[in-house]
Amino acid sequence: MRIVLGIESSCDETAAAVVTEDRRILANIVLSQLEDHRAYGGVVPEIAARAHLDHIERVVRDAMSTAGLGFADLAGVAATTGPGLIGGVIVGATVAKSLAMVHDKPFIAINHLEGHALTCRLTDAVPFPFLLLLVSGGHSQFLSVAGVGAYTRLGGTLDDAVGEAFDKTAKMLGLGFPGGPAVEQAALSGDATRFALPRPLLGRPGADLSLSGLKTAVRLAAEKLPAPVSGQDLSDLAASFQAAVGDVLADRLKNALTVFRAAHPSGRHVVIAGGVAANKALRARLQSVVITQGLALIAPPLQLCTDNGAMIAWAGLERLALGESHGLDHPCRPRWPLDEAA
Ligand code: KG4
Ligand code: ZN
């Protein structure tokens with residue numbers, strides 16, 4: 001039974017997890033740096049890197065003791081080696097390489113996006129091929145996933161990532177950081193029809209997205225309201241924004257599905273992953289599209305949507321099972337697209 005330690009440090013979560021080949025999460029420790037960054041309204045790369053350095057040893061130790069294992073019990077040590085804030089990535093990758101070297105275990109370099117992409121196989125044993133909508137703070141793309149490492153990009157954002165649009169909207173509405181959960185919460189009691197916001201690219205061919213015009217429309221609507229935007233105004237604007245995003249994603253998903261199904265008639269699953277996949281309203285909106293096509297929508301449990309070590313450990317297990325591991329000179333990359341050809 002292979003067991004892998006996974007380390008994640010590419011953004012503002014210092015995380016380590018221990019996962020088994022038969023899909024059990026023995027430990028999943030996530031230390032959020034939210035408080036370190038809150039005053040700045042966003043993640044400050046230099047602060048993040050230093051915070052990872054301060055906490056990573058404790059987080060790894062916690063994960064191992066929660067799992068009740070020693071390093072000798074591991075089949076390998078996996079870490080995110082990109083894409084992400086490079087200072088933080090280097091901290092996590094260096095700790096993982098050091099542990100691998102000292103304990104004579106394979107080191108597995110994992111693409112953070114692959115971690116999100118394969119989480120559905122840890123939680124739901126989703127078979128290949130599947131259509132993936134990866135929506136996080138830094139990435140928004142549709143990918144056809146034919147196997148481990150076999151990713152074809154079908155479309156993606158031309159400007160802001162979906163999570164970024166949520167974060168910027170939250171900032172404009174004075175909802176603080178991180179924005180996604182705050183906007184979702186505010187939208188719960190809002191009227192999504194009150195503000196007629198644009199649905200960029202709706203009805204156009206292809207699976208690309210564009211969100212910057214929507215963001216501007218939210219700002220213009222907010223400027224017409226009594227400041228600071230609050231109460232029902234705030235809820236209605238949050239709900240209108242979220243509904244616009246949902247309509248755009250649903251429309252783009254339909255087009256992505258047409259391409260995916262033509263290439264992979266056997267594919268039965270649509271998977272949503274990344275931090276934004278935690279949004280229940282968006283999940284429901286996408287579910288409505290997927291169900292009409294007789295397919296299943298899979299979304300990982302909320303705590304496995306946002307950044308965590310379990311997804312990195314799992315991707316490490318998938319790579320190890322294919323006989324892959326990496327040298328200790330393996331580089332860290334701030335940019336690393338899943339579909340290198342796109
Ligand atoms: O995957 P993730 O944890 O980090 C990145 O790799 O980017 O995603 C974080 C993003 C943030 O932009 C955050 O606002 C967004 O995911 N997010 C949400 C929700 N929870 C997190 N967006 C919308 N609704 C949510 N409930
Ligand atoms: Zn992420």
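## Contacts and overall form

Of the contacts in the protein chain between residues at least 6 apart in sequence, 73% join residues at least 24 apart. The model is predicted.

The protein chain contains 11 helices and 10 strands. Its radius of gyration is 20 Å, close to the 20 Å that the globule rule gives for 342 residues, so the chain is as compact as a globular protein of that length. Along the principal axes, the C-alpha atoms fill a box of roughly 60 × 50 × 30 Å.

## Burial, surface and charge

Buried residues account for 53% of the 342 residues in the protein chain. The accessible surface of the chain is about 13800 Å², and carbon and sulfur atoms contribute 55% of that area.

As for charge, the protein chain carries 29 positive and 33 negative side chains. The centres of these two sets are 5 Å apart.

## Zinc site

The zinc ion (ligand 2) has three protein donors: His-112 through NE2, His-116 through NE2 and Asp-307 through OD, at 2.1 to 2.2 Å from the ion. The spacing of the donor residues in sequence is H-x3-H-x190-D. His-116 belongs to helix H4 (residues 112-124), while Asp-307 sits in the loop between helix H10 (302-305) and helix H11 (310-321), so this pair ties together parts that are 191 residues apart in sequence. His-116 and Asp-307 are both buried.

## Cis peptide bonds

The peptide bond from Phe-128 to Pro-129 is cis, and its omega is near -5 degrees. Pro-129 lies in the loop between H4 and strand E6 (130-135).

Phe-177 and Pro-178 are also joined by a cis peptide bond, with omega about 0 degrees. Here the proline, Pro-178, is in the loop between helix H5 (162-172) and helix H6 (179-187).

## Positive phi outside glycine

Asp-104 is not a glycine, yet its phi is positive, at about 55 degrees. Asp-104 is located in the loop between helix H3 (86-102) and strand E5 (107-111). With a relative accessible area of 71%, Asp-104 is exposed, the cut-off for that class being over 50%.

Ala-125, a residue other than glycine, has a positive phi near 50 degrees. Ala-125 is in the loop between H4 and E6, the loop that also holds Pro-129. The relative accessible area of Ala-125 is 42%, and the residue is partly exposed.

Definitions and conventions:
Residues numbered from 1 in each chain as written. Chains lettered and ligands numbered in written order. Predicted model: local features only at pLDDT ≥ 70, side-chain atom pairs only at ≥ 80, totals over all residues. Heavy atoms only, no water. Helix = DSSP H or I, 4+ residues; strand = E, 2+ residues; numbered from the N terminus. Rg over C-alpha atoms; globule rule 2.2 N^0.38 Å. Buried < 20%, exposed > 50% of the residue type's maximum accessible area, 1.4 Å probe, protein only. Contact = heavy atoms within 4.5 Å. Areas by Shrake-Rupley, 256 points an atom, 1.4 Å probe, with all protein chains shown as cover. Lys, Arg positive; Asp, Glu negative; His and termini not counted. Charge placed at Lys NZ, Arg CZ, Asp CG, Glu CD. Donors = N, O, S within 2.8 Å, 3.2 Å for Na, K, Ca; no water.
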